[in-house]
Amino acid sequence: MANLSDEISRRRTFAIISHPDAGKTTLTEKLLLYGGAIHIAGAVKSNKIKKTATSDWMEIEKQRGISVATSVMGFNYGDYKINILDTPGHQDFAEDTYRTLTAVDSVIIVVDVAKGVEQQTRKLMEVCRMRNTPVIIFVNKLDREGRDPFEILDELETELKIGVRPLSWPINIGAKFKGVYNIYEHGLDLFTPNKQRVTERVEIDDINDPRIDENVGEKDAAKLREDLELLEGVYPEFEVDEYLKGRLAPVFFGSALNTFGVKELLDCFVKIAPSPRPVTAEERSIDPHEEQFSGFVFKIHANMDPNHRSCIAFVKVCSGEFQRNASYKHIRSGKFMRFAAPTAFMAQKKNIVDEAYPGDIVGIPDTGNFKIGDTLTQGEELHFKGLPSFSPEMFKYIENTDPMKSKQLEKGIQQLMDEGVAQLFVNQFNGRKIIGTVGQLQFEVIQYRLLHEYAAQCRWEPVSLYKACWIESDDDEALAAFKKRKHQFMAVDRDGRDVFLADSNYVLQMAQNDFPKIRFHFSSEYH
Ligand code: G4P
């Protein structure tokens with residue numbers, strides 16, 4: 001048996017996040033090339049739904065197919081075992097991304113040098129900040145005209161609300177881009193605009209080395225020295241500890257498409273990024289080194305084959321060693337289960353695995369037993385925290401259009417909600433079901449999947465809502481009074497918790513003012 005502690009310390013489980021088009025797919029692919037997981041560029045398909053195709057069923061199906069294949073990409077790099085967790089590019093699937101971020105130990109953020117910090121990057125960073133996830137930033141597309149790097153650093157700092165520390169520095173941008181000075185390893189990396197060539201490294205003694213002038217010309221060398229002096233004056237020394245606490249983000253510059261600066265990023269990443277960290281359950285904190293296995297389901301993926309309603313539940317191993325055919329307790333049902341065919345994701349292949357370690361993701365074939373957030377242990381009652389549902393932003397009534405198929409519809413809705421596709425609220429006043437999502441696309445996905453996987457037909461009806469928020473109070477009377485006053489706007493979520501459906505921001509604010517004893521929550525995790 002492998003040594004648990006060695007297995008933990010060599011694992012790096014992370015996600016790459018970016019605003020669409022910044023270069024996440026390209027960077028992922030280049031990392032896989034270095035890990036030998038793929039051999040030619042172009043092997044990783046983009047999993048994004050193009051902006052123009054929001055109503056294209058084929059695109060949705062394609063996305064689902066591709067995302068199973070790329071959900072987890074595991075590979076070895078030197079002594080390290082790397083697991084990249086894929087996140088959907090389309091913003092309507094942001095909730096999936098939030099959940100994936102609960103299963104990683106660090107993230108790499110890709111930013112386009114011409115566009116700087118964009119809206120989705122900002123949102124995702126908020127989730128990282130909530131969990132103090134360490135982040136490394138890769139400023140991409142230096143081969144294109146872009147913004148001044150000092151300006152980009154300022155923007156990263158203010159927009160992402162995190163300290164930054166460049167560990168490489170570009171020499172010009174766009175057509176005149178000559179390469180980067182690698183502050184982390186003290187070397188000069190020359191750029192050759194050729195997709196197949198990797199970085200050419202010039203060994204130098206220090207920043208005053210004349211070899212810099214020889215390679216990039218005196219003028220650019222002088223500018224580089226000037227920039228670096230300024231940098232050293234403005235930015236603090238890089239402290240790994242600050243990075244690990246999620247307070248300081250090292251910044252690299254490069255061009256993913258040209259495989260430039262990617263190996264340097266990866267080499268630094270494996271050295272400084274955290275191995276699996278302790279995970280918090282409601283009961284206690286669980287250290288990955290504990291002998292007993294524990295893990296949680298952060299994603300459920302329905303099978304593409306509508307005739308077999310099977311899914312894959314993605315389990316993140318949090319502690320101990322996961323073993324095939326061992327008996328594990330599914331805490332929500334209280335049942336012990338054995339998994340005969342768990343899969344691991346290595347080098348883009350799904351293989352049955354006999355064991356897995358903290359940081360690894362195991363795919364468990366399932367026929368509807370699992371729900372997002374479920375915990376598995378060797379017997380201990382644990383409930384992992386950190387898989388919040390966020391208040392949805394779009395709402396529709398869901399109506400059955402085929403009375404003969406109401407059972408199928410019920411089941412379909414139930415299972416799609418278990419997968420975390422959207423959230424269901426039942427209005428207590430009229431008994432109608434409301435589906436809440438973060439994006440328009442989900443309504444289309446739900447309708448399509450209900451029909452194709454459950455042979456159930458539904459229709460959407462508009463409901464004018466601004467926000468659904470969870471409410472609670474220590475004062476039972478106050479809670480009862482609130483519910484009475486707002487009875488038309490009260491609903492319950494799938495766990496039977498009270499949800500207030502506010503039809504405008506004004507109404508919500510008035511309710512908050514008028515009922516000071518009620519707490520309003522905008523994420524389901526408020527214990
Ligand atoms: P995403 O996953 O973050 O959405 O971005 P993706 O990697 O798909 O990259 C978006 C576009 O940016 C792609 O071009 C890609 O080739 C390009 N790109 C990525 N890195 C660089 C870089 O370092 N320099 C330059 N110049 N371009 C880069 P596309 O035309 O949209 O797609 P494709 O047809 O090339 O696949």
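This is a predicted model: local features need pLDDT of at least 70, side-chain atom pairs count only at pLDDT 80 or more; totals for chains, interfaces and linings use all residues.
1. The ligand shell. The ligand is surrounded by 17 residues, and the closest are Asp21, Thr25, Thr26, Asp143 and Ser255. By type, the shell divides into four nonpolar, seven polar and six charged residues. Helix 2 (residues 24–34) supplies the largest share of this shell, namely three residues.

2. A polar side-chain atom of Thr25 lies 2.4 Å from an oxygen atom of the ligand. In the side chain of Lys141, an N or O atom is 3.1 Å from an oxygen atom of the ligand. Leu257 takes part through its backbone, where a polar atom is 3.3 Å from an oxygen atom of the ligand. Taken alone, the ligand exposes 710 Å², of which the protein buries 70%.

3. Lys141 lies in the loop between strand 5 (135–140) and helix 6 (149–160), whereas Asp112 belongs to strand 4 (residues 106–112), so the pair ties together parts that are 29 residues apart in sequence. Lys141 counts as buried because its relative accessibility is 17%, under the cut-off of 20%. Asp112 is buried as well, with a relative accessible area of 4%.

4. Arg494 and Asp418. The closest N and O atoms of the salt bridge between Arg494 and Asp418 are 2.2 Å apart. This pair links distant parts of the chain: Arg494 sits in the loop between strand 29 (490–492) and strand 30 (498–502), Asp418 sits in helix 11 (residues 406–418), and the two are 76 residues apart. Arg494 is partly exposed, at 28% relative accessible area; Asp418, at 12%, is buried.

5. Asp474 and Arg519. Here the side chains meet in a salt bridge with an N to O distance of 3.1 Å. Asp474 is in the loop between strand 28 (467–472) and helix 13 (476–485) and Arg519 is in strand 31 (residues 519–521), so the pair ties together parts that are 45 residues apart in sequence. Asp474 is exposed, with a relative accessible area of 67%, while Arg519 is partly exposed, with a value of 33%.

6. Salt bridges overall. One network, built from salt bridges that share partners, joins Glu7, Arg10, Arg11, Lys81 and Asp360. The structure holds 40 salt bridges.

7. Helix 12. The geometry of this helix (residues 440–454) agrees with expectation, because its 15 residues, at 1.5 Å a residue, should span 21 Å and its end C-alpha atoms are 21 Å apart. Helix 12 is mostly covered, with eleven of its 15 residues buried. Among the buried residues are Leu441, Phe443, Val445, Ile446 and Leu450, and also the charged residues Glu444, Arg449 and Glu453. Just after the helix, Ala455 takes a positive phi of about 50°.

Key
Residues are numbered from 1 along each chain as its sequence is written. Side-chain values use heavy atoms; hydrogens and water are left out. A residue is near a molecule or strand if one of its heavy atoms lies within 4 Å of it. A polar contact is a pair of N or O atoms within 3.5 Å; within protein, one must be able to donate a hydrogen and the other to accept it, and residues adjacent in sequence count only if both atoms are side-chain atoms. Accessible areas come from the Shrake-Rupley method with a 1.4 Å probe; for residues, only the protein chains shown count as cover. Helices (H or I, at least four residues) and strands (E, at least two) are DSSP runs, numbered from the N terminus. The expected span of a helix is 1.5 Å times one less than its number of residues. Buried means under 20% relative accessible area, exposed over 50%, partly exposed in between (1.4 Å probe, protein chains only). A salt bridge is a side-chain nitrogen of Lys or Arg within 4 Å of a carboxyl oxygen of Asp or Glu.
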